[in-house]
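Please work through each task before consulting its solution.

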Amino acid sequence: MVSATLPIQAAVPSEAALRADLTQAVRLIRGVIAHPVPGALSGRAAQEFVTLFSEAERAAASGVALYTPRVLETGEYTREGHGSAADWLGKLSGSSSGAAKGRLAAAARAAKDPRLTEALHDGELSSAQLGLVTATLGEVPDAAGDLLKLVDEGASHKELVDAATTMRATSRSRQDERLRRARVHTNRHFRWGQVEGGGIRGGFFCDEVEFARVAPRLEAEAKRRWKAAGNANGNGDSLEAHRLDAFIDLLSGSGGFGCSDGDGDGPNHGRGPRPAAPRTLIIVNAESLRRGTTEGDELCEIEGIGPVSVAAATELLSEGGFQYLVKEGFDIKAVTKSTRVIANCIDMALIVRDRVCARPGCAKRFGLETDHREVDYGDNGPSELDNLVRLCPECHRLKTDGGWRLQGRPGAWEWVAPSKPPSAQQMARARKVAVAKAKAKAKAFVKKDPSGPRRT
């Protein structure tokens, strides 16, 4: 007698059971936030709470994306008097109907892609991540796999945006690129208005090539002011504040770039002699330049801005102030220099290699600084490519003052914590002490030898 064993399928929870579980989960979360205990928690415990709340937020966003297509399909939202699904979701989520419309569109597109549906069931996609992935699919139909892999690897939103931007730029034909730039130009704008409580808030939208004509000069001036004011040590105004000062001076034509009021106070604080005009660097693979388009992982980028088409990059050839770096596989690792002034060919190779801040997950492009990674310059560290890395000011400060280290190799860096990572407050105090000691040492040196060089 032969007996057959039928496979046992897991029982699917009933609608009532799922609703009960979800209701209980919401009730539990509300119960936690109802207790006025944040001020009594340690910093570490508060951080763990925020981590858990963020996981719940992503899971909730995935749930909204999974279930809203069914609401649209049945038209159930009209039973509560809502004229559109966007109005219904906007009211529920406390967002504008425009933002809700974007979420609904992303959810509808995700429902048609098995990979995205599976990712939503895992509960790890935020609303912003889902919107970015589905928007990219409109231009690059096979992009979901690569972008979801980045999400699984813990990529930051900035890294995800950069990857999606590169995919879109690579997939566009010349005709598509012309149409895209025409749309951008048509929709260009610069808006500003007074906000409640005082102050002006503004925003602009323009073509990457147009912005490349002013961005390097603006960023160089902002960073110069920031460092001159001593803010690079973590004190005083932010780099963003100095960027606005530089921007206003540039627009007003007041001559603020390079002017000094002599007293170190007021709106001109931190200004000094005008630096050499900053270059606008355009990096492109030789193969892409010959072909007229990029393929695979080839580069065509404006430094500090991001990927652009080869046609857009070559548009700037006839203009002054732009420097082109055509990348065609050459080895410059043997070129070294023992001073802080980095050899030009090493500087160029460093810019090509470290397109963004080298700390995994950071991906910032503007204001990057060169750091002696393994052996510090003060310890006779060589200024060679293997010992140099580009970091944003915040990550540079973490490495210098916080004891963090970069290990590994380009493209596979590891951000290694010290045995006892300091808090931001501890780093700020340590930095103040170090600056005070440096000033005292400089003062003692001048007092001992008044004819010697003065430090400023």
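A residue is called buried under 20% relative accessible area, exposed over 50%, and partly exposed in between. The model used here is predicted.

**Exercise 1.** Determine how the rings of F190 and F247 are arranged, and which elements hold them.

*Solution.* 
Step 1. The whole structure contains 3 aromatic pairs.
Step 2. In the pair of F190 and F247, the ring centres are 6.3 Å apart and the planes stand at 85°. Planes over 60 degrees apart count as edge-to-face, so this pair is edge-to-face.
Step 3. F190 belongs to strand 1 (residues 189-194) and F247 to helix 12 (residues 239-252), so the pair ties together parts that are 57 residues apart in sequence.
Step 4. The relative accessibility of F190 is 49%, which counts as partly exposed. F247, with a relative accessible area of 26%, is partly exposed.

**Exercise 2.** Describe the largest nonpolar core and the surroundings of L125.

*Solution.* 
Step 1. The largest nonpolar core comprises 22 residues. Those with the most contacts inside this core are L116, L120, L125, L130, A143 and L147.
Step 2. Two or more residues each come from helix 4 (97-110), helix 5 (114-122), helix 6 (127-137), helix 7 (144-152) and helix 8 (157-171).
Step 3. Leaving aside residues up to four places away in sequence, L125 touches several residues, including R58, A61, L116, L130 and V151.

**Exercise 3.** How many residues of helix 15 are buried, and what covers them?

*Solution.* 
Step 1. Helix 15 (residues 344-353) has 7 buried residues out of 10 and is mostly covered.
Step 2. The buried residues are I346, D347, M348, A349, L350, I351 and V352.
Step 3. Their cover includes strand 3 (280-285), strand 6 (322-327), strand 7 (369-372) and strand 8 (388-391).

**Exercise 4.** Locate the nonpolar surface patch that contains V37.

*Solution.* 
Step 1. The patch consists of I29, V32, I33, V37, L41, F49 and F53, with about 530 Å² of accessible area together.
Step 2. Helix 1 (15-34) and helix 2 (43-74) each give two or more residues; helix 1 gives the most, with 3 residues.
Step 3. V37 lies in the loop between helix 1 and helix 2. With a relative accessible area of 35%, V37 is partly exposed.

Technical notes
Residues numbered from 1 in each chain as written. Predicted model: local features only at pLDDT ≥ 70, side-chain atom pairs only at ≥ 80, totals over all residues. Heavy atoms only, no water. Phe/Tyr/Trp six-rings, centres within 6.5 Å; stacked < 30°, edge-to-face > 60°. Helix = DSSP H or I, 4+ residues; strand = E, 2+ residues; numbered from the N terminus. Buried < 20%, exposed > 50% of the residue type's maximum accessible area, 1.4 Å probe, protein only. Core = buried A, V, L, I, M, F, W, Y, C linked by side-chain atoms within 4.5 Å. Contact = heavy atoms within 4.5 Å. Patch = residues over 30% accessible without salt bridge, like charges linked within 9 Å, V, L, I, M, F, W, Y side chains within 5 Å. Areas by Shrake-Rupley, 256 points an atom, 1.4 Å probe, with all protein chains shown as cover. Salt bridge = Lys/Arg side-chain N within 4 Å of Asp/Glu carboxyl O.
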